[in-house]
Amino acid sequence: MITFTLCLLALIAGYFVYGRFIERVFGPDDRKTPALTRADGVDYIPLPTWKIFMIQFLNIAGLGPIFGAIIGAKFGTASYLWIVLGSIFAGAVHDYFAGMLSLRHDGESLPEIIGRYLGLTAKQVMRGFTVLLMILVGSVFVAGPAGLLASLTPETLDATFWIMIVFVYYVLATLLPVDKIIGKIYPLFAIALLFMAVGILVMLYVHHPALPELWDGLQNTHPNAAALPIFPIMFVSIACGAISGFHATQSPLMARCMTSERHGHPVFYGAMITEGIVALIWAAAATYFFHRNGMGENNAAVIVNAITKEWLGTVGGILAILGVIAAPITSGDTAFRSARLIVADFLGMEQKSMRRRLIICVPMFLVAIGLLLYSLRDKNGFDMIWRYFAWANQTLSVFTLWAITVYLARAWKAYYLTLIPAFFMTCVCTTYICIAPEGFGLPHMVSYGIGGASVLIAMVWFVVWKFKQAKTLN
């Protein structure tokens, strides 16, 4: 528990110390925000800061900080370090700058921001890539919650019934103004998710289980360690608990509702640190579960259900499970909302009209339903979609980090703050797609070599670009 406690304190200190440093680097000011200058009653709507934080936290949380952390805990104590270091120095920095750049550029969607700093080709690729990722998010975040809801209700209300209910909710949340559904129920769902995390945290200290410590070593404890090395598999598996490209697609939603740039630190940096804390708590709880029951269980929902019922009792367990259900559903609906806005930005289509919103949304929902049917029909379909989602998610963070790095370099600010995470995540994503079974399945050493080469190429590209930039200015 000593390592866990130190990691928890490090995350809190990271928010107040490193988070404030990052804020000073960006330099928020008192200019009017898009919520005030472009208010449209649909997407650009001023909201209270506390509500924006709750919505942002629930938007980015999803299954990542719970299921991802549980999967990551199988790799041992290294998962704790990545959650802490990744959240403070990569994930929260990534989320903060992505949100603030959107705020500075009239609430632009992520592909537009990437194109602004990485060029037209990158923008066009990211438009398609990001919309596909958003549809994947909406698809993979249906089956899990539907299954849990089915387990809590009579047999007549099976998973198929709940899938249809969730999709009806998706349609409404995507089409209606942001303050009609999202602004009203998200704070309640966020409270449920935080209640669950706080409850598990308290019980960790009450039960005080024997958890591995840093000085016990960082060896890979995964039962399939030979095929699933810590690098890069763990760094993709934990995903949202440390850094996630999906977060940068959500930040513009809240950038369109903020009334001051000075709220960026608690909203963007703070939401990611909060998610890191949730991930750390669940990694510790999962470690306790694995030590007691062995590592044979792979269904994270079963582990969540077992831990919450044992530690929080029947009522607490039900509330906790509802929190797990709410998190992915609310990430799914804002994923579709983000996709709608990205397509609308690309087409230059105003969104005040319901008819225009439907023109964009109907094809997206049809594709999502197709992916969901595939995942239900094929016994391995869901796992395959999830793995591709996880890799696409982290790959998007790479493009975002590089766009932020270019912005910082052009502004003569401390670009190394995102350059180092950009190099690291470039290596992670390249190595993963080479080594993973759903990727190219190459031998480990070959994959590591390709990953290292990708970093070298990126380094050369950046040095050449920086030299040309300096020469142009001179």
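Colleague: In which helix does Ala-283 lie?

Modeller: Ala-283 lies in helix α13, residues 264-293. Helices here are DSSP runs of H or I with at least four residues, strands are E runs of at least two, and both are numbered from the N terminus. The model is a predicted one, in which local features need pLDDT of at least 70 and side-chain atom pairs count only at pLDDT 80 or more, while totals for chains, interfaces and linings use all residues. Residues are numbered from 1 along each chain as its sequence is written, and side-chain values use heavy atoms, with hydrogens and water left out.

Colleague: What are the average pLDDT of the protein chain and the share of residues that score at least 70?

Modeller: The average is 86, and 93% of the residues score at least 70; pLDDT is the predictor's confidence in each residue, on a scale from 0 to 100. Confidence is highest in helix α2 (residues 18-26), at 97, and lowest in helix α14 (residues 300-347), at a mean of 76.

Colleague: Why is Ala-283 called buried?

Modeller: A residue is buried under 20% relative accessible area, exposed over 50% and partly exposed in between, with a 1.4 Å probe and protein chains only. The relative accessible area of Ala-283 is 0%, and Ala-283 is therefore buried. Leaving aside neighbours within four places in sequence, Ala-283 is in contact (heavy atoms within 4.5 Å) with Ala-69, Ala-73, Tyr-80 and Ile-83.

Colleague: What makes Met-203 buried or exposed?

Modeller: Met-203, found in helix α10, has a relative accessible area of 18% and thus counts as buried. Not counting residues up to four places away in sequence, Met-203 touches His-208, Trp-311 and Leu-312. Its C-alpha atom is 9.3 Å from that of Ala-285, a residue 82 places away in sequence.

Colleague: Which backbone value marks His-208?

Modeller: His-208 has a positive phi, near 45°, in a residue other than glycine. His-208 belongs to the loop between α10 (182-207) and α11. Most residues other than glycine have a negative phi, and most peptide bonds are trans.

Colleague: Where is Asp-106, and why does Asp-106 count as partly exposed?

Modeller: Asp-106 is in the loop between α6 (78-104) and α7. Its relative accessibility is 40%, so Asp-106 is classed as partly exposed. Its phi is also positive, near 60°, although the residue is not glycine.

Colleague: How do you know that helix α7 is largely enclosed by the rest of the structure?

Modeller: Seven of the nine residues of α7 (residues 110-118) are buried, and α7 is therefore largely enclosed. Among the buried residues are Leu-110, Glu-112 and Tyr-117. Gly-119 follows α7 and has a positive phi, near 105°.

Colleague: Why does the length of helix α4 agree with expectation?

Modeller: The expected span of a helix is 1.5 Å times one less than its number of residues. For the 13 residues of α4 (residues 49-61) this gives 18 Å, and the end C-alpha atoms are 18 Å apart, so the two agree. α4 is also mostly covered, with 10 of its 13 residues buried; Gln-56, Asn-59 and Ile-60 are among them.

Colleague: Which residues does Gln-250 touch, and what makes Gln-250 buried or exposed?

Modeller: Not counting residues up to four places away in sequence, Gln-250 touches Gln-56, Asn-59, Ile-60, Met-134, Thr-334, Ala-335 and Ser-338. Gln-250, in helix α12 (residues 245-255), has 0% relative accessibility and hence counts as buried.

Colleague: Why are α5 and α11 called roughly antiparallel?

Modeller: Axes are lines fitted to C-alpha atoms, for helices over the stretch in contact, with angles from 0 to 180 degrees between N-to-C directions. Angles under 35 degrees count as roughly parallel, over 145 as roughly antiparallel, 65 to 115 as roughly perpendicular and the rest as oblique. The axes of α5 (residues 64-73) and α11 (residues 230-238) cross at roughly 155° and come within 7 Å. The two helices are therefore roughly antiparallel. Gly-64, Gly-68, Ile-71 and Gly-72 of α5 meet Met-234, Ser-237 and Ile-238 of α11.

Colleague: Which peptide bond is cis?

Modeller: The bond from Phe-231 to Pro-232 is cis, with omega near 10°. Pro-232 is found in helix α11.
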